Amino acid sequence: MLDTHRLMIFRSVVAGGSVQSAAANLGYTPSAVSQHVTALARETGLVLFERVGRGLRPTAAGLLLAEQADAVLARLGEAQVLVEDLRTGRTGSLSVAYFASVGSAWMPRVVRRLTGGFPGVRLDLALREWLPDDPADRSDLQIAVERPDYEAWPGFSVHHLLDDPYVVVLPDDHPLAGAEQVDLTDLAGQRWVDNDFARGWCRRNLVEACAAAGFRPPFHVEAHDYRTALAFVAAGIGVTVLPRLGAVDLPAGTCAVPVVRPTPVRTILAVVRDAAAAAPPLLAALDELRAQSALSPAGAP
């Protein structure tokens, strides 16, 4: 394989017409330039220059190699620019997965920061309620709900974002609507609206809290998502218990009251691919997620 550094020096000698000219242009000694040109001739097995008087003239083979060197060095320069663009986040891609309530609460600001700060980076966004087992499905950054002691896969790291306590959402005219907090056992006799059709960790966390309080949640109506469940509460169909982050934008005629004794809490984590952890776009996304989690009702001091 040709030494591109020697190729660059050889091209400078051809362009300048002499070893001395190339040495002056490159800041090398004439001896160093001559050594590199001699080594290149030895590598290629070609006669690259012939003497004309006291000077040098490229041979036909040398001229052809110089023409090819222009293309090689141009491509090398483009590759160096690409490397710098990737290193600084001016180009490339970032894949981000998130779950629904974070999608509406945090992701618009995260995406705004990334598109404003890194307009050349392609964002691949995916709505995903679970951490995938298949490595091919894993994103560079995934916002996920897991147990506090969750250990990431090899090649990934975990960053804690928020501990999100649960609230009960009630119609404004419900007898418990004016309370500062509600014991979980006080909800045992209510008509519950289920809000997690996926049966994910958020729902399991709630079921475990109810079991600790001595009852099973009496689900009477099954909804597929928080927004639908909240609409059912607004219609007077029942109550729903969900993480506080999912109750930020409540429909008219409803209110949220903290649930205690016990208080279900879900832990929100950022799972980051180690190979992308130092990339400026990912660092910016993680910084914005931390800022949004600090501003959320559960994370605010």
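Student: What volume does the second largest pocket have?
Tutor: This is a predicted model, where local features need pLDDT of at least 70, side-chain atom pairs count only at pLDDT 80 or more, and totals for chains, interfaces and linings use all residues. Residues are numbered from 1 along each chain as its sequence is written, and side-chain values use heavy atoms, leaving out hydrogens and water. A pocket here is an open set of points on a 1 Å grid over the protein atoms alone, where a 1.4 Å probe fits, with protein on both sides within 12 Å along at least five of seven lines. Fill it with probe spheres set on the points, joined across faces, edges and corners, and the second largest pocket comes to about 220 Å³.

Student: Which element gives the most to the lining of that second largest pocket?
Tutor: Lining residues have an atom within 4 Å of a point, and 13 of them line this pocket, with V19, S34, F49, R51 and L56 closest to its centre. Elements are DSSP runs, helices (H or I) of at least four residues and strands (E) of at least two, numbered from the N terminus. α2 (19-26), α3 (30-44), β1 (49-52) and β2 (55-58) each supply at least two residues. The top contributor, with 4 residues, is α3.

Student: And what's the volume of the largest pocket?
Tutor: Its lining has 36 residues, with F99, A100, S101, Y226 and G246 closest to the centre. The volume is about 950 Å³.
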